[in-house]
Amino acid sequence: MSASYPREILEKRKQQSIKNATLLFLAFSTAFFSRLVATAGAPSEVNFIHLAIVPAVSAYVVMSSRSKNVKMLRAAQGLLLCLLLFFFVVVASALFSQAGFINIVLSYLLWMEAYIFLCALVYISLSPERLEKIKTWTIKISIFHIGLALLQKVLLDAGIMKATKMKIPPDNVQGVFYLSGGGHVIAASVSIAFAIYCISLPRLSLPLKTGVAIAAIVQLVSADAKQVLLVALVSWGLLILTKVTDLKKALTYAAIAALLLAALLWCMENLDSFRGFNTWVRPEIYGPEGEARLLKYSSIRIIRSYHEDAFSWLFGLGPGHTVGRLGGWMIIKYKSLLTLLGVTDHPVSQEVWRAIEDSWLGGKSSMFSPLFGWAGLWGDLGIAGLFAYFSMLGVIWTTICADDTSKFLLLTIVVNGLIFAQMQEPGYMLYTLLLIGLKFQDKVLASAQYTQRKPTKPQTYPMAEAS
């Protein structure tokens, strides 16, 4: 009876691990496929179900997991501390600005939902077989997403699918994020992240890696999501800067960047499908008085004009009160519903939207939008909010990023925060952190298998030898 007891415990833990992994990825699906479900006819409220499901399931997974791995424990503990720190900052900001309780809840979830998910993902003890199944599932849904986006392009060109209410027909090339504002950029961002992830997987064949990369680039160009390529190039450049202590790797990465940039410039000059990239080559709009610069930083100027004391600088103007996803879109779009829940707003949002409407560049591209992630974070939560968020990124960089692929993906989040609101876009953030979490799980398993294979030094007994 005693001999079978440990086996029963191990089997129980194995089943719990499988259950946790299944629940976690079902929760992920509620965000990743919500736009597609809404487009198919479900109520628009389906787009917000994940805000309740993902944190609840992630909390359950963390509490029910019993990982003994030191790397997993350190990663999860670091994330939990940062999540707690960010929560305290949101509450403090709300108290000083007299923001509503619903502002606290929505703001925190919009900023931290994906990191809550990552905390659960890195804390699950997965067998090699289970991890391979999860990776295969991720690859399948990613290929489905790219295939759906390319099909949308074909149907759009054939006139079968109409542009609906979108101003630019290519915006309908959105994959699983079909018919969402900025969905073409989110869709292309996910596809490029998947292509980079595939290239880093040694088990995939070269033809598959090449095919995925080509398909992702075709989708990007078809959707006219130019900024996604810019984000990738800038993120790659930042990654090179982190390799100053490894000259060989830095030069290798720099050579790859030079080749890609040269290829892009050639395509811009010789291929019609890349002509759209030339619209950014307008030096006059980037100068001190250029329209792009004035519009981009209008949110910073407006937010600063409302800073009355040191607390405004430290904790911002309040969660949801400036140009984050909550203050920039959700309160305006769902005013009647959120008002019943006690939401509070601020004049900053309206003034920034007025600046967008008054600029001839305002509706041209999200590249020049003043409603970008870092401005929203700083405006809402001040310097304390920036510190808490960077602490989170620091923990992920040092304890979770398993290789340069993970670091590159994390840098794309940082760079995207300078352009638009993708730092609070659930589909993009959950997917990117999913890939980072899977790379971490790969590293943990590889380390565990190496430890098991490593021969142990035989023990010696001096007294026995002496005798």
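**Terms and their grounds**

Modeller: In this predicted model, the side chains of Asp224 and Lys226 meet in a salt bridge, with 3.1 Å from N to O.

Biologist: What makes the contact of Asp224 and Lys226 a salt bridge?

Modeller: The limit is 4 Å between a side-chain nitrogen of Lys or Arg and a carboxyl oxygen of Asp or Glu. The N to O value for Asp224 and Lys226 is 3.1 Å, so the pair qualifies under that limit.

Biologist: Are these two partners buried or exposed, or in between?

Modeller: Buried means under 20% relative accessible area, and partly exposed lies between that and 50%. Lys226, at 11%, therefore counts as buried, whereas Asp224, at 32%, counts as partly exposed.

Biologist: What do Lys335 and Asp345 form?

Modeller: They form a salt bridge, their closest N and O atoms being 2.6 Å apart. Lys335 lies in helix H15 (residues 335-340) and Asp345 in the loop between H15 and helix H16 (347-358), so the pair ties together parts 10 residues apart in sequence. Lys335 is partly exposed at 36%, as is Asp345 at 40%.

Biologist: Why are helices H5 and H17 called roughly parallel?

Modeller: The axes of H5 (residues 101-123) and H17 (residues 373-400) cross at roughly 15° and come within 11 Å. Angles under 35 degrees count as roughly parallel, and H5 and H17 are therefore described in that way. Their crossing is left-handed.

Biologist: Why is Trp313 called partly exposed?

Modeller: Its relative accessible area is 37%, which falls between the cut-offs of 20% and 50%.

Conventions. Residues numbered from 1 in each chain as written. Predicted model: local features only at pLDDT ≥ 70, side-chain atom pairs only at ≥ 80, totals over all residues. Heavy atoms only, no water. Buried < 20%, exposed > 50% of the residue type's maximum accessible area, 1.4 Å probe, protein only. Axes fitted to C-alpha atoms, helices over the stretch in contact; angles between N-to-C directions. Helix = DSSP H or I, 4+ residues; strand = E, 2+ residues; numbered from the N terminus. Parallel < 35°, antiparallel > 145°, perpendicular 65-115°, else oblique. Left-handed = near helix turned anticlockwise from the far one by under 90°.
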